[in-house]
Each structure stands twice: as structure tokens, then as C-alpha cells.
Amino acid sequence: MKALIVSEIVDGKLSSGSLEIVSKAEELGLEYQLITIGSEEQPIIGSNSFKQTYLKRSPNSLQYNKIADYISNVITNEQINLVFGSSTYQCRDIIAYLSVDFNSSPVSSVIRFSLENDKVITLNSINGGQQLYKTEIDSSISFLLIRPKSFEPANFELNTDFTTIEVESGNCNVYEIHKEEKAGPQLEDSKVVVSAGRGMVDVANLELINKLSEKLNAAIGGTRAIVDAGWMPYSQQVGQTGKTVKPDVYIACGISGATQHQVGMKDSKFIIAINKDEEAPIFQIADLGIVGDTLTVLPKLIENI
Amino acid sequence: MKIAVCSKQIPDPANEVTYENGLLKRPDEQVLDDTDRYGIELALQLKEKYDAEVTIISMGPKGTLKGVQQALQMGADKALVISDESLSGANALITANVISEVAKLSEADLIIFGTESTDGYSGTVPQQVSRFLNLDCISYVKAVEINSEKVILTRQTLEGSEKVDMPNKCVISVTAGGVEPRYPNFKDIMAAKSKPIEEVNINDLNITAHQNLKFLEIEEVENSKNGQKIIDEGEAYNSIIEKLKELKII
Ligand SMILES: Cc1cc2nc3c(=O)[nH]c(=O)nc-3n(C[C@H](O)[C@H](O)[C@H](O)COP(=O)(O)OP(=O)(O)OC[C@H]3O[C@@H](n4cnc5c(N)ncnc54)[C@H](O)[C@@H]3O)c2cc1C
Ligand SMILES: Nc1ncnc2c1ncn2[C@@H]1O[C@H](COP(=O)(O)O)[C@@H](O)[C@H]1O
């Protein structure tokens, strides 16, 4: 089977989500190539191990339609029958467009897949990861959106060796681009994550989360409830509509453990939860659960580390 | 101006989800998906500011139509619903195909979606609809303004936010946190009762998408960890410290 991996750039480099799909393609011995979409000047996305095409858009224009048109042509001309992307903003948008062109509905949130006699079988988690839904894709061209952190990323040396194609601008003009400052360890690759939920009671109490994370050299995450409330930027949201993390230790402070939050963190190696409600669902997946008040447990914890 | 908001009726999320032959069991009484309330709220704010007409588009088993009523109670003007046995288990592409056909009937300029439905969460329907209709689509929108030719959006990005302007015939998906959905009062609830709900017949639509995803089975994941649970009586922090030491974090 011939595969195409629709990829993206994070911090100037090929995203780890994309590299996860690369490693899976290698493992399955697929003939594959990458098309990466971005607006960076000199991204590090090339490799001696695969063919890479960089579709470069202007940072001031969002022309996903034109990008999809280009990729559609590649799929047709090169007779590709497997198209992958990470389930992140940009890749998801583009895979969605392509699925219309080839009349083949994509499978979203895939965490595992296999090829059996030229059939594509996918597993995606439903119900907050409590169940896995197994699907067979019955199309000549299959579209799969892979949840980040499903596979180990390929450990390839990356370079700047690739073909660049500049995509012409479209109807959507982008301006006032605001990027939040990134400080401290980043969620996706930190060994320890300290996460806050509404059970921190007040935004001012996030100071406790900051202090604990400093002591543990941890990244800070949060639930959608507190992101929506403006306590934390979206880039720190963990869960179905936020980031997926898999640290060695995840400390959930005042988090109920809604299924949509669990999907983003339940594969952490060790989960510690502090919640005053003994029945909170987070305790079902916690390795160490503390039934208690975050505002009394955390200060003592910080003081005694 | 005409605005369509695509909203879904879903099983009450307070209840446990169950599947039958790979299909989500849908009770007769379904509720409005909370994630769609943000798009409805945004549409209503635009209506108040620019005098638009707001139509709800909803596909799925009708049942008691409670969820559609909830959308009308918030302040939408009318609803187009489409419900047919053949659509049971429709994949994202079929759903998008149906919605884009109904959106044509609604003559909407601006078509608004949620980013991900609570029960389906494919997160692809809005973009697919835009491709069917040959319109531009911007996802993760938090705020919208409109002038004579353009809509001006604020969108959430992975790293922060950006502004986008685009032709005012377009598709957007709205994320939480930008607007605060309103609660209807008694008067709104009464007023909704006389708002028109029109049923669209599937046979009047041009549907080309087909079911390409075959359900095989559902596997249970062993989740319960039998973790240790300690009730804090003042010293529980110690168990955390011990654990962190054991794990060589400190
Ligand atoms: C389509 C969709 C996508 C979603 N995506 C995400 C996502 O990506 N990420 C996400 O997180 N959520 C997501 N959600 C929302 C999710 O369903 C929950 O609403 C959210 O995770 C709840 O956040 P929370 O745990 O902070 O708040 P709550 O559910 O309100 O829980 C607060 C907890 O704190 C405890 N508590 C209160 N006070 C104290 C105290 N003093 N000490 C100790 N404990 C205390 C309470 O017992 C409670 O368990 C999504 C929802 C939908 C419908
Ligand atoms: N059956 C439906 N009826 C109306 N709108 C829908 C339906 N399914 C999906 N949508 C819209 O598409 C968005 C994304 O849904 P999904 O692709 O299922 O995650 C939802 O927030 C709704 O706005």
C-alpha cells in the first residue's frame, strides 16, 4: 500500500505526532511520503529516510482549500491509498477536505490500526477510553486521523532536505497573530505534569500549582472548565479537545475526571489525584488517590518536598 | 442576513452511554448538545447586532424534539430537521453531505457549527460541509464581527490566537470560552412553542456519500486500576512524597 502522511510543524520541527505515524509506517513496511503544511521560513522537517514536500503558506493567509486541492492531486497522481494525519487542528481540517474529494469518510481519534489482507482496521477510543471501537474501512482510499501519543515517534535525524512548494494565497486573511510565551517545561514532553481543575476553587490558588510544578520541574496543565473560565491559556488544556500527555507522573488537583479529560491523560504511567469527593471518577484511574482538600494538601506537600 | 446553526440532539450526557451493534443507543428524548450552545449564542448575538435570521439545522432521530426546542428557546427563529431510518449510523461524511444539502435549502450566508459533538466527536463535519459547498471554513472561532463584505473572526490557535477576515458567505466552527450561552426565561420557553420546525425529506436531497466504515466490534478496556486511596487526615501529603521518591522524581 502507498501511504501519505499529512504533517505539521511544531517549534520549527516536524511534529512528534507526525513522527509517530512515520514510525508506524516504517514498522509496517509501507511505501510512504510526507507532505507538511506550515508557514515557517526554514523548518527542520526533512530526512534521508523519506520523501518530504513542504507546502508553504503565507502566515497571513489560511488557504486550506488550495492546500487540499494540491494534496488531492498528489493522491490521485501517485495512486495513494492510505492517508494519515494527526488529530490536531490543521491536519484534521485538511483530512476532512480530502475525505470529501475521495468520498471516503475518515476515522477520527485512531489509537491503533492494522492492515489485514489489504484491509484497513482501526481502533478508536470511545467513552473516554473505556471502550475501543473497531472499524474496517471499506474504501479504495482510507483516511485516518491518529491521536497524538498513540505510538513512539520515529527517532530520525531531521534536516532541511525537502522540496518546497509555495501555495498561493486564498480568501482568508490572517493578522494580529498572537503567540503566548512558552515558559518552563512543555506539556507534551515533560516527565511530570501538574494539572488543575475547578477544585482549585479560585484562580489565585493556581499559585500552589505553580509552586509545586517548580519544585518538581513539571509542566502545568488544566481542564477545559478552567481554560474556559480564563484561568489558563488553551495551550495548557489536557483532554479530548486539548493535548494528550503521557508523563511518568500526572498529578490531578481538583479534577473530577470527566471522560473528555481522561482521554488526554489516562495513559500517564502514574496518576496521583487529589479530590475532596470520594466518588470522583478520577479515582477510578488514579494509582494514588487522596480524598482531601487541595487547598490544605497542596501547601503541606509543597512545604515538605 | 441568514445564519444557520447546525446543532445536534444527543442522549443526555448525565446518563451512561450504551451501544447496540456499534450504534449509540438514542432514547426518544434527546437534549441539545452543550457544545452547540456556543454557536447558537454567537448567532444570536449577531442577530441582535445585525438583524439576522437564525435557523437551526439538525439531523438525527426526531424523538420528542426536545433538543431542537431547547435551541429555539435560546432564541433561534426556526428549525430544519432531517430524520430518516436510512441515516441511522451515518458516518461524518454522510452527515456532512446531508447538512450541506439542507444548508442550501436554508439559504444561509453564514453556517455555524460546534467544533466537536459530544457523542460523535469526529470534529470533521464543519470542514466537510464547507468542501461540499465550495466555501471557506475556519475552525476554533471564538468571536465574530461582520461588515458589508467580510466576516472578521478571532480564532484560537495552538499557540494563542489570531484574527481572520473572509468573505461573509462561509462556514465556521465555534469553540467554547468565547461567548457565554444564555439561559432562556419563561417567556422564551413559551415563545419557542410556536416557532416553525420544518421537516426535510431525504429524497429531496442529493446524497452521494456512502457508508464506508464497517463496524466490527467494541472492546472493553480494563480501566479500573485498583489504585490506593487515602482519606486525608492531615498527613496524606506524606504518601505523595514517598511515592515521588520511589518514582525517583524527587
Ligand atoms: C465535546 C467535549 C470536549 C471536551 N474536551 C475537554 C478537554 O479536552 N479537557 C477537559 O478537561 N475537559 C473537556 N471537556 C469538559 C469535561 O466534560 C468536564 O466538564 C471538565 O473536564 C471538568 O473540569 P473540572 O474537573 O475542572 O471541573 P469539575 O467537573 O467541576 O470538577 C471539579 C472537581 O473538583 C473537586 N473539588 C472541588 N473543590 C475542591 C477542593 N477544595 N479540594 C479538592 N477537590 C475539590 C470536586 O469534587 C470535583 O470533582 C469536554 C466536554 C465536551 C462535551
Ligand atoms: N446530526 C447532526 N445534526 C446537526 N449538526 C451536526 C450533526 N452532527 C454534527 N453536527 C455539527 O457538526 C459539529 C461537529 O460534529 P462532529 O463532526 O460529530 O464532531 C457539531 O458540533 C455540530 O455543529
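**Getting to know chain A and its cores**

Reader: Among contacts in chain A between residues at least 6 apart in sequence, what share joins residues at least 24 apart?
Author: This is a predicted model, where local features need pLDDT of at least 70 and side-chain atom pairs count only at pLDDT 80 or more, while totals for chains, interfaces and linings use all residues. Residues are numbered from 1 along each chain as its sequence is written, chains are lettered from A and ligands numbered from 1 in the order in which they are written, and side-chain values use heavy atoms, leaving out hydrogens and water. With contact meaning heavy atoms within 4.5 Å, the share in chain A is 63%.

Reader: How much of chain A is buried?
Author: Buried means under 20% relative accessible area (1.4 Å probe, protein chains only). Of the 305 residues in chain A, the buried share is 58%.

Reader: Which residues have the most contacts inside the largest nonpolar core?
Author: A nonpolar core is a set of buried Ala, Val, Leu, Ile, Met, Phe, Trp, Tyr and Cys residues joined through side-chain atoms within 4.5 Å. The largest one has 90 residues. Those with the most contacts inside it are Ile71(A), Val83(A) and Ile111(B).

Reader: Which helix gives the largest share of this core?
Author: Helices are DSSP runs (H or I, at least four residues), numbered from the N terminus. The largest share is 8 residues, and these come from chain B, helix H3 (residues 92-106).

Reader: How many residues are in the other core, the one with Tyr89(A)?
Author: That core lies apart from the largest one and also includes Ile302(A), Ala236(B) and Tyr237(B). Its count is 36 residues.

How values were computed
Buried means under 20% relative accessible area, exposed over 50%, partly exposed in between (1.4 Å probe, protein chains only). Helices (H or I, at least four residues) and strands (E, at least two) are DSSP runs, numbered from the N terminus.
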